[in-house]
Amino acid sequence: MYMAKFLGFEPEVIQFLENIKYNNNKLWFNDRYDFYQQEILEVSRDLVEDLGEQLHTIAPGINVVPKVNGSIYRFSRDARFSKDKTPYKTHLSYLFWQGSLKRTRCPGFYLSIRPEYIQIGVGINHFNPEYLYAWREQCAHKTQAKKIHKIITMLEKSGASFHGEQLKRMPRGYSEDLLNQELIRYKGLKCWFQIPLPEEVYSQKLVPLCFQYYQRLFPLFEWMVSVLSFMLRLEPIEKH
């Protein structure tokens with residue numbers, strides 16, 4: 001029997017995230033490096049393992065890698081491609097992904113923890129060209145279009161938010177009267193529930209809380225995995 005490891009974050013961790021907003025420099029962080037290692041990174045590994053254990057019950061092939069640059073995002077910021085040149089992030093982020101492509105190019109379950117709120121979601125930030133083609137084809141397919149439309153409608157009604165870069169117009173070759181015009185225009189899509197920072201962050205109850213939302217998001221995740229499978233098959237399908 002699996003024994004849970006995650007017992008919650010200490011309140012000082014949330015205070016750390018709040019404080020670094022105003023002290024975002026290497027000297028401040030280095031003075032608190034041991035705290036980061038023990039109270040954030042080590043506890044994050046436990047959180048990843050426990051969440052991964054739960055996710056395996058609904059997504060057996062999910063990748064769970066309890067280390068930095070695996071399921072734990074780096075806390076240092078890659079300022080090369082960001083307008084924000086501060087060295088550190090002000091939130092904690094986690095990812096569990098399905099597939100053998102680069103982790104950020106596969107359908108994944110996300111978790112972000114900030115002092116104000118947490119986000120629990122699924123999706124892909126940016127579709128690679130092959131996935132983008134498969135995504136559009138499936139969104140336009142006469143049968144699959146209705147399936148994903150129903151999933152999106154259900155999530156919208158339950159309070160989920162959708163985010164991603166979009167084309168202003170429909171891509172070439174796709175009719176303006178298709179059911180899923182907005183979805184077809186996406187170049188990447190994430191869907192999440194945003195919750196004011198819950199007390200569960202400080203206890204082992206955070207894991208079942210996240211899993212409850214992941215179960216609600218699972219139909220979208222499952223559909224995105226099916227798009228990945230279609231991409232790998234490279235089979236043409238009929239559109240309207």
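A residue counts as buried when its relative accessible area is under 20%, as exposed when that area is over 50%, and as partly exposed in between. With that scale in hand, let us walk through this structure, which is a predicted model.

Now try the two ends of the scale. Ala4 sits in the segment before helix 1, and because its relative accessibility is 53%, Ala4 counts as exposed. Between the C-alpha atoms of Ala4 and Asp34 there are 24 Å, with 30 residues separating the pair along the chain. Leu178 belongs to the other end: with a relative accessible area of 8%, Leu178 is buried. Leu178 is part of the loop between strand 4 (161-163) and helix 6 (181-184). From Leu178 to Lys142 the C-alpha distance is 9.3 Å, while the two are 36 residues apart in sequence.

Next, turn to the helices. Two packed helices are described by the angle between their axes and the distance between the axes. Start with helix 1, residues 11-19, whose axis comes within 10 Å of the axis of helix 3 and crosses that axis at roughly 125°. Helix 1 and helix 3 are therefore oblique to each other. Their crossing is left-handed. On the side of helix 1, the residues that meet helix 3 are Glu12, Val13 and Phe16, and their partners in helix 3 are Phe35, Glu39 and Ile40. Sorted by class, this contact has 4 nonpolar residues, 2 charged ones and no polar ones.

Helix 3 (residues 33-55) has another partner to visit, helix 7 (residues 206-233); the axes of this pair come within 10 Å and cross at roughly 40°. That angle makes helix 3 oblique to helix 7. Here the crossing is right-handed. Helix 3 brings Leu47, Asp50, Leu51, Gln54 and Leu55 to the meeting, and helix 7 brings Leu206, Val207, Cys210, Phe211 and Tyr214. Of the residues in this contact, 8 are nonpolar, 1 is polar and 1 is charged.

Setting aside neighbours within four places in sequence, Phe211 touches Gln54, Leu55, Thr57 and Ile58. Phe211 and Gly52 are 159 residues apart in sequence, yet their C-alpha atoms are 9.7 Å apart.

Finally, look inside. In soluble globular proteins, nonpolar side chains tend to be buried together. The largest nonpolar core in this model has 74 residues, and those with the most contacts inside it are Phe9, Tyr94, Phe109, Trp135 and Leu220. Helix 7 gives the most to this core, contributing 18 residues. Another core, of 5 residues, lies apart from it and includes Tyr73, Trp97, Cys106 and Tyr110. As a last stop, consider Tyr94: leaving out residues up to four places away in sequence, its contacts include Phe9, Ser44, Leu47, Val48, Phe109 and Ile113.

Conventions:
Residues numbered from 1 in each chain as written. Predicted model: local features only at pLDDT ≥ 70, side-chain atom pairs only at ≥ 80, totals over all residues. Heavy atoms only, no water. Axes fitted to C-alpha atoms, helices over the stretch in contact; angles between N-to-C directions. Helix = DSSP H or I, 4+ residues; strand = E, 2+ residues; numbered from the N terminus. Parallel < 35°, antiparallel > 145°, perpendicular 65-115°, else oblique. Left-handed = near helix turned anticlockwise from the far one by under 90°. Contact = heavy atoms within 4.5 Å. Nonpolar A, V, L, I, M, F, W, Y, C, P; charged D, E, K, R; others polar. Core = buried A, V, L, I, M, F, W, Y, C linked by side-chain atoms within 4.5 Å. Buried < 20%, exposed > 50% of the residue type's maximum accessible area, 1.4 Å probe, protein only.
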